[in-house]
Amino acid sequence: MSETVIRADDGTFAMINVFQVEPENQKELAEVLTESADKFIRHRPGCISVNIFQSLDGKRVGYFAQWRSKADIKATMSDPDVQVGRDKAAKLAKPDPHAYTVFSVHHPQS
């Protein structure tokens with residue numbers, strides 16, 4: 001089983017997208033994003049991981065993808081198959097995507 005690992009200063013980039021969604025559409029949106037991630041995005045060059053989150057209040061879906069480079073993100077977003085999933089998601093909710101780098105990571109002391 002692979003895991004998502006978050007580290008500061010490892011040179012990776014994150015695409016974080018928080019979708020504002022009506023509660024009755026939250027599950028469908030999460031399914032659309034999951035299908036796109038499974039069929040297309042995770043197979044793209046530079047993809048490290050993709051994670052989909054549902055808020056407990058039903059009003060948001062979070063999308064967190066790790067990439068080796070900004071160029072990999074850009075190339076993936078221009079892929080027609082990925083665009084189909086992105087367009088389906090945008091019909092269900094309001095996206096707010098941004099690219100990030102990790103500034104810091106904190107863990108409890110052992």
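**Figure 1. Helix α3 and the largest pocket of the predicted model.** α3 gives five residues to the lining of the largest pocket, the most of any element. The structure shown here and in the other views is a predicted model. The volume of the largest pocket is about 240 Å³. Two or more lining residues come from each of β1, α1 (26–39) and α3 (80–92). The lining has 15 residues in total, and those nearest the centre of the pocket are Asn17, Phe19, Tyr63, Met77 and Arg86. Sorted by class, this lining holds eleven nonpolar residues, three polar residues and one charged residue.

**Figure 2. Asn17, one of the residues nearest the centre of the largest pocket.** Asn17 belongs to strand β1, which covers residues 13–21. Is Asn17 buried or exposed? Its relative accessibility is 9%, so Asn17 counts as buried; the cut-off for buried is under 20%. A polar atom of the Asn17 side chain lies 2.8 Å from the backbone nitrogen of Asp96. Apart from neighbours within four places in sequence, the residues in contact with Asn17 are Val61, Gly62, Tyr63, Pro95, Asp96 and Pro97.

**Figure 3. The largest nonpolar core and Leu33.** In soluble globular proteins, nonpolar side chains tend to be buried together. The largest nonpolar core of this model has 18 residues. Which of them touch the most other members? They are Phe19, Leu29, Leu33, Tyr63 and Trp67. At least two residues of this core are supplied by each of β1, α1, β3 (60–67) and α3. When residues up to four places away in sequence are not counted, Leu33 touches Phe19, Ile52, Val61, Tyr63 and Ala89. Phe19 and Tyr63 are also among the residues nearest the centre of the largest pocket.

**Figure 4. The second largest pocket.** This pocket has a volume of about 200 Å³. Its lining is made by Ser2, Glu3, Thr4, Val5, Arg7, Asp10, Thr12, Ile48, Ser49, Val50 and Gln66. Strand β2 (residues 47–54) provides three of these residues, the largest share. By class, three residues of the lining are nonpolar, five are polar and three are charged.

**Figure 5. Gln66, a residue of strand β3.** With a relative accessibility of 4%, Gln66 counts as buried. Setting aside neighbours within four places in sequence, Gln66 is in contact with Thr4, Val5, Ile6, Phe13, Ala14, Gly46, Cys47, Ile48 and Ser49.

Figure 6. Rolling a probe the size of a water molecule over the atoms shows where empty space is left. How many cavities of 30 Å³ or more does a search of the whole structure find? The search finds one. The largest cavity holds about 30 Å³ of space. The residues lining it are Thr12, Phe13, Ala14, Gln66, Tyr100, Thr101 and Val102. Four of the lining residues are nonpolar, three are polar and none is charged.

**Figure 7. Asp57 in the loop between β2 and β3.** Asp57 has a relative accessibility of 41% and therefore counts as partly exposed. The contact with the side chain of Ser55 is 2.6 Å, and the contact with the side chain of Arg60 is 2.8 Å. Gln26 is 31 residues from Asp57 along the chain, and the C-alpha atoms of Gln26 and Asp57 are separated by 9.9 Å.

**Figure 8. His98 in strand β5 (residues 97–100).** Because its relative accessibility is 39%, His98 counts as partly exposed. A polar contact of 2.8 Å links the His98 side chain to the side chain of Asp96. Asp96 also has its backbone nitrogen 2.8 Å from a polar atom of the Asn17 side chain. Beyond neighbours within four places in sequence, His98 is in contact with Ala14, Met15 and Ile16. Gly85 lies 13 residues from His98 along the chain, with a separation of 17 Å between the C-alpha atoms of the two residues.

Note on methods: Residues numbered from 1 in each chain as written. Predicted model: local features only at pLDDT ≥ 70, side-chain atom pairs only at ≥ 80, totals over all residues. Heavy atoms only, no water. Helix = DSSP H or I, 4+ residues; strand = E, 2+ residues; numbered from the N terminus. Buried < 20%, exposed > 50% of the residue type's maximum accessible area, 1.4 Å probe, protein only. Polar contact = N/O pair within 3.5 Å; in protein donor to acceptor, adjacent residues only side chain to side chain. Contact = heavy atoms within 4.5 Å. 1 Å grid on protein atoms, 1.4 Å probe; cavity = no way out; pocket = protein on both sides within 12 Å on 5 of 7 lines; lining within 4 Å. Points joined across faces, edges and corners; volume = space filled by probe spheres on them. Nonpolar A, V, L, I, M, F, W, Y, C, P; charged D, E, K, R; others polar. Core = buried A, V, L, I, M, F, W, Y, C linked by side-chain atoms within 4.5 Å.
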